[in-house]
Amino acid sequence: MRTESGQIFRLEDYQPSNYLIPEVALDFRLNAEETLVTARLQVERIPRAPADAPLILDGDGLVLEALAVNGAEAEPADYDASPDRLTITRLPASRRFELTIVTRIAPSKNTTLMGLYVSSGVFCTQCEAEGFRRITYFLDRPDILSVYTVRMEADRKDAPLLLSNGNPVESGDLADGRHFAVWHDPFPKPSYLFALVAGDLGVIKDRFTTASGREVDLGIYVEHGKEKRAAYAMDALKRSMRWDEERFGREYDLNVFNIVAVSDFNMGAMENKGLNVFNDKYVLADEDTATDVDFANIEAIIAHEYFHNWTGNRITCRDWFQLCLKEGLTVFRDHEFSADERSRAVKRIAEVRGLRAHQFPEDQGPLAHPVRPRRYREINNFYTATVYEKGSEVVRMLRTILGEDAFRAGMDLYFERHDGQAVTIEDFVKAFEDASGRDLNQFSLWYHQAGTPNVALSSRYDGKEKTLTVEIEQSVPPTPSESRKRLMHIPLAFGLVGPDGTDLDYQSVEGASVENSVIHLRKRRHQIVFKGVKARPVLSINRGFSAPVTLSVESRADEQLFLARHDSDPFSRWQALNTLLTDALIAASKAVRGGKKPVFEDELISVTIDLAADETLEEAFRALTLSVPGEADVAREIGRDIDPDAIHTARRALLMAIAQAGSQTFRALYERLLDSAPFSPDARSAGRRALRNTLIEFLVLDSASPEDAYRQFEDADNMTERAGALTVLAQHFHDTDVGRAALAAFEKRYRDNPLVLDKWFQIQAMVPSTATVSLLRSLMEHPHFSLANPNRVRALIGTFSMANQTAFHSADGEGYRLVAETVAALDSHNPQVAARLATAFRSWRSLEKGRREHARKLLVEMAKRKDLSRDLADILERTLA
Ligand code: 0A1
Ligand code: ZN
C-alpha cells in the first residue's frame, strides 16, 4: 500500500541485498560551503543474484559529480542519478568491482542536523538512521557491513582536529595551509555508525587498560575553555568500561575511544564506532552549572553509548524494524550500570516514573506500536519510549524469568554466536532459549504486540484453612491496527507481607507456576491458592515493577498504607504510597469539578510525612516518596474527559495539606540536611539535595512567603539547589517582585552559558499561569533563543508541552496554538525535531470536549499544510487516525 504522502516500509518485505560493500574508502575535501566527497566502494554481487541485477544506491538531496566503474568513467546510459537514488544498470560481469562516486554537499546549509553539518564551526556527522545517504550514494541499510578507511582534508587553522572511526593511521601537511588525516576502522560496520569530526576543539585525555592489558587512549573533545567541565564524563566513561568487563565480560576493542561534544544535536548522543558524538548537554558538568540530574544523565548516557560498542556495533540490527535489538538491550545495560553505581531502589523508581510518564501514554494512544514494529513510514519517528524503555523492560523480564545465571549464559551465547553480524530479535531470543532450554515463544509477544497489559487482581485469606486465594486476570487493550490480542507471559514478583512486616512463607501453591517469588501468568485467568500461610498477609504484587503493566487491585486503603509503611521491597513501598496519593488526587479533582472542596485523609498525609522523616531510609528515596504524583500522572490515570485545571487545583490542595501538617517536621529536616561539606556529585549527597529541594516547596507553601526559597537561591553553592529554589519561586511567586528578581539575577549570571540558560527557559516554560503563553512568545524573541538549536527548542517549547499541564492545555487553546505554530515553523528546517514536538498532541482524545476540539482543529490545520516533511506528516496522520 502507498499513502499519498509516502511509502510504507514493512517488515515482511525485507530482502537481503543483491550486493555487498565489504570495503569503503572515503575522501573528504572539507569546506563549510562546499565539500567534495569521493567514495571508493569495493562492491560484491552475492552468488545467487542475477548477473544483470541493477545496483540501486540510496541518496538524499545529493548531486552526483562523477561516477566510475573499475576506474573508468561510467557511460550516462548505464546509470540514472537523482537526488535520492543512483541506479546503475550496466555493471561488470565479474562479481567484484570498484565504484568511485563523487558528490558535492553543503555542510553549512544543512539545517536538518543529519548527514554532514556544521555546529558552532565544527564539522560533524549524524548518520543514524539514514543520514549517510546525505553524504554519498550507498546501500544505506544496517545489514551492509563495511571496513572503512577515511581520509579528511581541511584548513589547518579552522580544523586542526580531524577525527573519524577506528584508529589513526596517518596525518600531515598540505599546500595552502591545508592538512590531512587518515583513519582506519578494522571492524566491519553499517553506514549509520560512520562519523567524522573536524574543527578546533579543546580536549581532555586519559588512558584505560582493559582486563586483558590493552591500552586505550581516551579523549573527550569540547569547546575551548570548557575542558574542566568534561572531567565527570571522563570518569563515567572509565567506570563504564570497567563495568562492562566485570558484569558482561565485554572489553573495548580499538586503541582509541573518542567523544566529541557538539552544541547542535537532534538527540542525546550517538554511538559511532570509536567516535561517539554527544549533545554537549550530556558531557559538560560542574557544580556551578549542572544539577544532580544532569550529572546522573551524563553518567547514564556516556555508559549507554559506550555499551553500544557491543550491543549495537559489534552486533547490529539486520533492519530498522529491529531497532530495539540494540536500544532496548543497551538501555537495560545502562539502567543496570546506574543501579550498581547509585541506589538500585531509587533508580528503579525513577525508571518506572519515566516509563509511565512517557511510554504508557504512547502505548495507550494513537501512536502505539510494538517494541518491534512491523511497519513504518519514517524510521526517525520510531526512536520512541516504547522501543527504548519498554524494550529495556522486556530484557529485564527475560532476566526475571530466566534468573541471573541463565540470563548471563544467554548473553554470552548471543555475543559468541552473532559477533560481527546484523541480526534480528528472533536471533536474540533464540540465544536465550538455547542457553536456558526454555521455550520463550509466548514471552516473545512482548516484542510483537503493542499496548500496556492490565492485570486485575483480588485476594482472600481463609484463616481456618490457612490459605490465601488470589484471582488474577490479564487483558491487553486494543491498539491501532491490532484489535485482537493474544495472552502474554507476565512475570509478577510478589511477597506475602505478614503482620510484622516480614514476608510470610507458604507450604505449597497451585494454579500457576510460581518460582523464586515470581508468579508466571500465562492464561487469561488464574486462581492461585497458597497453602500453609500462617497469618493473614497483605499481598505485595509486581515488586520492583517486574512487568510493565497496569494493575487493578481490589484492596483496601489500609492494606496499601500498611505496605507503604512496611513492605520489604522499597519499590513497592513507594508504589503503595504513590497509588494512594494518585487515588486521592483523582477523587479530589472530581470534587473540584463538582464545585466541592477537596479533602484528604489524615492517615495518608501522616504516612507521607513519616516516610519523608524516616532517617533509616535513604534521602533520595524519601525525596521520591514526598514527590506528589504530577498533574500528568493524575491525568493519565483518569484517562478520559480530562480537565487539567481541576487536577491542578486538587494537587495544589494536597501539597498545601501536606505542607501544613508537616510544617515543623519539614523545617527541622530541611535545616538538618544542609551539607557543610564541599560539593560532591555522589549519589548520597545528591539524595540530600533532592530531599531539600522537595522540602523547600512545602516550606514556602506553608509560610505563604517566598523567603525560604529566595534564601536558598542566594545561598546555594551548586546548581541543584539554585535551580531548585528558582523553580519553586517561578511556580508559586512568578508574578511577585521576589520571583522576578530571582529570574533576572539568574539570567544575568548565566547569560553566556547556553546550557544553563536552557534551565532558565525551562523553569519559565513550566509556570502554571494563563500568562505563560505570552511569556513564552516573548522569550522566543530573546537574543539567545533560536529555533535552529534543538536544545533551546526543547527547553522552551518541549518543556511547555510536556511539563506544563495547565498552560499547554489552557482552555482557550492558545497553548496548543503556540506549539502548533512552532512545529510548523521548524518543519522545513529540522523535520525530526518538529515531528517529535508534535507528539505532544498524542493524548488529545482523552481531554474534555472543549480542549479536544481546539487540539483537533489545529492538528487538522497542520496536516493540511503543503510541503510537510515525511516525519511530521507521519506523526500527524497517525495522531488523527
Ligand atoms: N542511537 C542513539 C540515538 C540516536 C538516534 C538517531 C540520531 O539521529 C539524530 C541520533 C541519536 C542512541 O541510542 O543513543
Ligand atoms: Zn542507544
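1. Basis of the comments. The model is predicted, so that local features need pLDDT of at least 70 and side-chain atom pairs count only at pLDDT 80 or more, while totals for chains, interfaces and linings use all residues. Residues are numbered from 1 along each chain as its sequence is written, chains are lettered from A and ligands numbered from 1 in the order in which they are written, and side-chain values use heavy atoms, with hydrogens and water left out.

2. His304 (NE2), His308 (NE2) and Glu327 (OE) coordinate the zinc ion (ligand 2) at 1.9 to 2.1 Å. Donors are N, O and S atoms within 2.8 Å of the metal (3.2 Å for Na, K and Ca); since water is not among the atoms, sites may look incomplete. The arrangement is tetrahedral because the four donor atoms subtend angles of 97 to 127° (four donors count as tetrahedral if all angles lie between 85 and 135 degrees).

3. Placement of the zinc ligands. The donor residues follow the spacing H-x3-H-x18-E in sequence. Histidine 304 belongs to helix 2 (residues 292-307) and glutamate 327 to helix 3 (residues 323-341), so the pair ties together parts that are 23 residues apart in sequence. Helices (H or I, at least four residues) and strands (E, at least two) are DSSP runs, numbered from the N terminus. Histidine 304 is buried at a relative accessible area of 7%, and glutamate 327 is buried at 1%. Buried means under 20% relative accessible area, exposed over 50%, and partly exposed in between (1.4 Å probe, protein chains only).

4. Cysteines. The count of disulfides is zero, a disulfide being a pair of cysteine sulfur atoms within 2.5 Å. For cysteine 317, the closest cysteine sulfur is that of cysteine 324, and the separation of 7.8 Å is too far for a bond. Cysteine 317 is buried, with a relative accessible area of 0%; cysteine 324 is also counted as buried, at 3%.

5. Strand 18. In a regular strand the side chains alternate between the two faces of the sheet. In strand 18 (residues 196-199), Leu196 and Ala198 point one way and Val197 and Gly199 the other way, and all are buried.

6. Partners of strand 18. Strand 13 (residues 122-126) runs antiparallel to strand 18 and is joined to it by two bridges; two strands pair if DSSP finds at least two bridges between them. Cysteine 124 has valine 197 as its bridge partner in strand 18. Strand 15 (residues 161-164) is likewise antiparallel to strand 18, with four bridges, and serine 164 stands opposite leucine 196.

Conventions. Tetrahedral: all angles 85-135°; square planar, octahedral: opposite > 155°, others 65-115°.
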